[in-house]
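Here is a short report for a reader new to this structure. Look over the sequence and the model, then read on.

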Amino acid sequence: MPTLSNFYTIKDVSEHKAKDDCWIIVDGKVYDVTKYLDDHPGGDDVILEATGRDATDDFEDAGHSKSARELMEQYYIGEFDTSSPIATKKGFSESFAQLKKKQYLGLSVAVVGISVIVGFLYLRKK
Ligand code: HEM
């Protein structure tokens, strides 16, 4: 029998990033792991660090066993709404924006520097 699932956007999931209210996204599914944090063999910090974004890569990198995957089923609360944009690595979008800012700054400094040198050479020739 088909079942209706809850769908959560990244905004919904981002509202549950605390130790006493923690959701994670793994493989397109959303889990409320609040009650599991203290029991997690990998520690609560790794899970808390992976909230508010797609934690699939971190979950897979840890090489979870079959029993760990079975265990997580009891924390399943719904599907992740993939129509919303999402980062897979923490801070990727922020660091990309910072990099772009730095590039603009570098370009401005180069333009000013070249103008000064050209101006200097021009004046010396006179
Ligand atoms: C409902 C979700 C989760 C469950 C049920 C779960 C369960 C487990 C279990 C049972 C282990 C012990 C080893 C094993 O049997 O594989 C483990 C280890 C570990 N988990 Fe999770 N885990 C969950 C989510 C996560 C997430 C989201 C991350 C990373 C962000 C993570 C990172 C780790 C790490 C790093 C270990 C390493 C332990 C070590 O070998 O030192 N886990 N987890």
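## Residue F7

F7 is partly exposed because 13 other C-beta atoms lie within 10 Å of its own. The cut-offs run as follows: a residue is buried with 20 or more other C-beta atoms within 10 Å of its own, exposed with 12 or fewer, and partly exposed in between, with C-beta atoms placed from the backbone. F7 sits in strand β1 (residues 7-8). Strands (E, at least two residues) and helices (H or I, at least four) are DSSP runs, numbered from the N terminus.

Setting aside neighbours within four places in sequence, F7 is in contact with G78, E79 and D81. Contact means that the C-beta atoms of two residues, placed from the backbone, lie within 7 Å. L107 is 100 residues from F7 along the chain, and their C-alpha atoms are separated by 44 Å.

## About the model

This is a predicted model, in which local features need pLDDT of at least 70 and side-chain atom pairs count only at pLDDT 80 or more, while totals for chains, interfaces and linings use all residues. Residues are numbered from 1 along each chain as its sequence is written.

Strand β3 covers residues 21-26, and five of its six residues are buried. Strand β2 (residues 17-18) pairs with β3 in the antiparallel sense over two bridges. Strands pair if DSSP finds at least two bridges between them. K17 stands opposite C22 in β3. A hairpin of two residues joins β2 to β3.

On to β4. Strand β4 (residues 29-32) runs antiparallel to β3, and four bridges join them. V26 stands opposite K29 in β4. The hairpin of β3 and β4 has two residues between the strands, and D27 there takes a positive phi near 55°.

## Around the ligand

Which residues come nearest to the ligand? Of the 21 residues around it, they are G42, A50, D58, A62 and M72. The elements giving two or more residues to this shell are α2 (44-49), α3 (56-61) and α4 (66-72). A residue counts as near if its C-beta atom, placed from the backbone, lies within 6 Å of the molecule.

Helix α4 gives the largest share, four residues. The shell divides into 15 nonpolar, five polar and one charged. Ala, Val, Leu, Ile, Met, Phe, Trp, Tyr, Cys and Pro count as nonpolar, Asp, Glu, Lys and Arg as charged, and the others, Gly among them, as polar.

## Residue V116

V116 is found in helix α5 (residues 92-125). Is V116 buried or exposed? V116 counts as exposed, because it has 10 C-beta neighbours inside 10 Å. D58 lies 58 residues from V116 along the chain, and their C-alpha atoms are separated by 49 Å.
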